[in-house]
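Biologist: I have a sequence and a model open on my screen. How do I start reading the features?

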Amino acid sequence: MNKVRTRFAPSPTGYMHIGNLRTALFAYLIAKQQGGDFILRIEDTDQGRYVEGAVDVIYKTLKDVGLNWDEGPDIGGPVGPYVQSERMGMFKKYALELIEKGEAYYCFCDKDRLDGLKAELEAQGKTYSYDRHCRDLSKEEVQAKLDAGTPYVIRQKMPTEGQVTFHDELYGDITVDCAELEDQILIKTDGMPTYNFANVVDDHLMGITHVVRGNEYLSSAPKYELLYKAFGWEVPTYIHVEHIMKDKQHKLSKRDGDASFQDLMEKGYLKEAVLNYIALLGWAPKGENEIYSLEELVKEFDIHGLSKAPAIFDPLKMKAINAKYIKALEPEVFAQYAIPYIKQSVKRDDVDLEYIASLLQARTEVFTDIPGMVDFIDALPEYDNEMYCHKKMKTNLENSLQSLKQVLPVMQALEDWSIESIHDALFGLIEKLGVKNGLILWPLRVALSGKQSTPGGGVEIAYIIGKQDTIDRINKGIEKLS
């Protein structure tokens, strides 16, 4: 059995789309699961769509998520070059080989003739298809036109009878009538190969055994089959995966403003969580577990767990998976991620950022949640007195005012401003008054933060903002409630 070799062959047209990254992941998993090679090939022949810097984005994204390639443009390999525009000289040779075999032919039809044919067919309500006008030109006619310098394309000579059957690992055997297949162009008038032709030749020359791609290419699959047969080459295993949809009607599309990998990073997701979630889009693991490292995915992934139904991109599901990854981080690692986000809201330099981070980890789903959770630290926001009223805590405006008046002298008298001292002083007051914790601590939380939901309660907030701010904010609360 040949060594398994898969490839990811993106076009450098911008950011890394989620669907592209999933294709790369599935190709990587298939290779690594069987001890094979994962190849990166850049398909940059469509210069009209080329985006400066996009190749670097491809490199960075794949490296960020751990999809390291065994051969590619930057590291080389035995079947390079790995950039399609650097391979242009070789394709014409293979097209000429097909002409020699009677599997392809020169087509000299100019634009005017083809436009006229198209208009004529459309007027008859028919779909345009090339009429094979040049298919049976004699060798002498062909040579005369070549000698005269007449522009041409090279077309594949499709069988006009019978059927062709193409096998896909998900969809099984797909059979089409050869009469339905157009004589597709292999080499354009400028000598450049078409996408379909270059793909087949490159995949063969690079020894690719398994091809993962979107199922929009299923309609082209019979043409690939016939090309492989025309050359006498072994056909790779094809896995055509379904689209990722943002809902039942619409495909996920960067053009429509849907998230790219870079967008998700900027929104505060962990790259490991994004890769984990992408793996689950269209693939069902055998067990109940949904959290997988890349190494675990290599062991667990199974082509036959892929779905033929479109996968719906669920932001809430991805956020839930991200939250699990965040909770599993070591506290010091979480702090490294969190502190830059804390600093977006907290500009003062007299607070313990690592302590604030320790309170945030259990409450953070994505890192961009953080600035809004700590925006009360620098300055108390305006808040409504109704926040003091909490049914479960049994607090109302009247007893909240009383509680703040009782807390104020305790805080003023405290000399050691540590978590332990603040805790002991407040709980000593609670014990002395013989009341429930919430009756004292809820009004304190509201007075210090202007919020009902905060990282930590009154004790922790008091410690973070310091003694003077604590006293000033309690005084303001008393004033508001009086």
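Predicted model: local features only at pLDDT ≥ 70, side-chain atom pairs only at ≥ 80, totals over all residues.

Biologist: How many residues line the largest pocket, and which lie nearest its centre?

Modeller: The lining has 46 residues. Nearest the centre are Thr 13, Asn 20, Arg 49, Glu 216 and Tyr 217. Two or more lining residues come from each of β1 (5-8), α1 (18-33) and β8 (210-214). Helix α1 gives the largest share, four residues.

Biologist: What classes of residue make up the lining of the largest pocket?

Modeller: There are 16 nonpolar, 16 polar and 14 charged residues.

Biologist: What about the second largest pocket? How much space lies in it?

Modeller: About 380 Å³. Its lining has 15 residues, and Ile 99, Ala 104, Tyr 106, Lys 139 and Val 142 lie nearest the centre. The elements giving two or more residues are α3 (91-100), β3 (104-107) and α5 (139-147). The largest share, four residues, is from α5. By class, that lining has eight nonpolar, three polar and four charged residues.

Biologist: Now the inside. Which residues touch the most other members of the largest nonpolar core?

Modeller: Look for Leu 62, Leu 67, Ile 342 and Ile 370 in a core of 110 residues. Helix α1 supplies the largest share of this core, 10 residues. A second, separate core has 39 residues, including Tyr 82, Phe 91, Ile 99 and Leu 186.

Biologist: Arg 135 carries a charged side chain. Where is Arg 135 found, and is Arg 135 buried or exposed?

Modeller: Arg 135 is in the loop between α4 and α5. Its relative accessibility is 15%, so Arg 135 counts as buried. A polar atom of its side chain lies 2.7 Å from the backbone oxygen of Met 158. Not counting residues up to four places away, Arg 135 touches Tyr 105, Lys 157, Met 158, Thr 160 and Asp 183.

Biologist: And a glycine? What is Gly 305 in contact with?

Modeller: Setting aside neighbours within four places in sequence, Gly 305 is in contact with Gly 282, Trp 283 and Ala 284. Gly 305 lies in the loop between α10 (294-300) and β11 (311-312). Its relative accessible area is 19%, so Gly 305 is buried, as the cut-off is under 20%. Gly 305 and Leu 170 are 135 residues apart in sequence, and their C-alpha atoms are 9.3 Å apart in space.

Biologist: Last topic: the backbone. What should I expect there?

Modeller: Most residues other than glycine have a negative phi, and most peptide bonds are trans. Now the exceptions here. The peptide bond from Gly 80 to Pro 81 is cis, with omega near -5 degrees. Pro 81 is in the loop between α2 (54-64) and α3.

Biologist: What is phi of Arg 132, and what is phi of Lys 394?

Modeller: Phi of Arg 132 is near 65 degrees, a positive value. Arg 132 lies in the loop between α4 (111-123) and α5. It is partly exposed, with a relative accessible area of 21%. Phi of Lys 394 is near 60 degrees, also positive. Lys 394 is in the loop between α14 (370-373) and α15 (397-413). At 63% relative accessible area, Lys 394 is exposed.

Note on methods. Residues numbered from 1 in each chain as written. Heavy atoms only, no water. 1 Å grid on protein atoms, 1.4 Å probe; cavity = no way out; pocket = protein on both sides within 12 Å on 5 of 7 lines; lining within 4 Å. Points joined across faces, edges and corners; volume = space filled by probe spheres on them. Core = buried A, V, L, I, M, F, W, Y, C linked by side-chain atoms within 4.5 Å. Buried < 20%, exposed > 50% of the residue type's maximum accessible area, 1.4 Å probe, protein only. Contact = heavy atoms within 4.5 Å. Polar contact = N/O pair within 3.5 Å; in protein donor to acceptor, adjacent residues only side chain to side chain.
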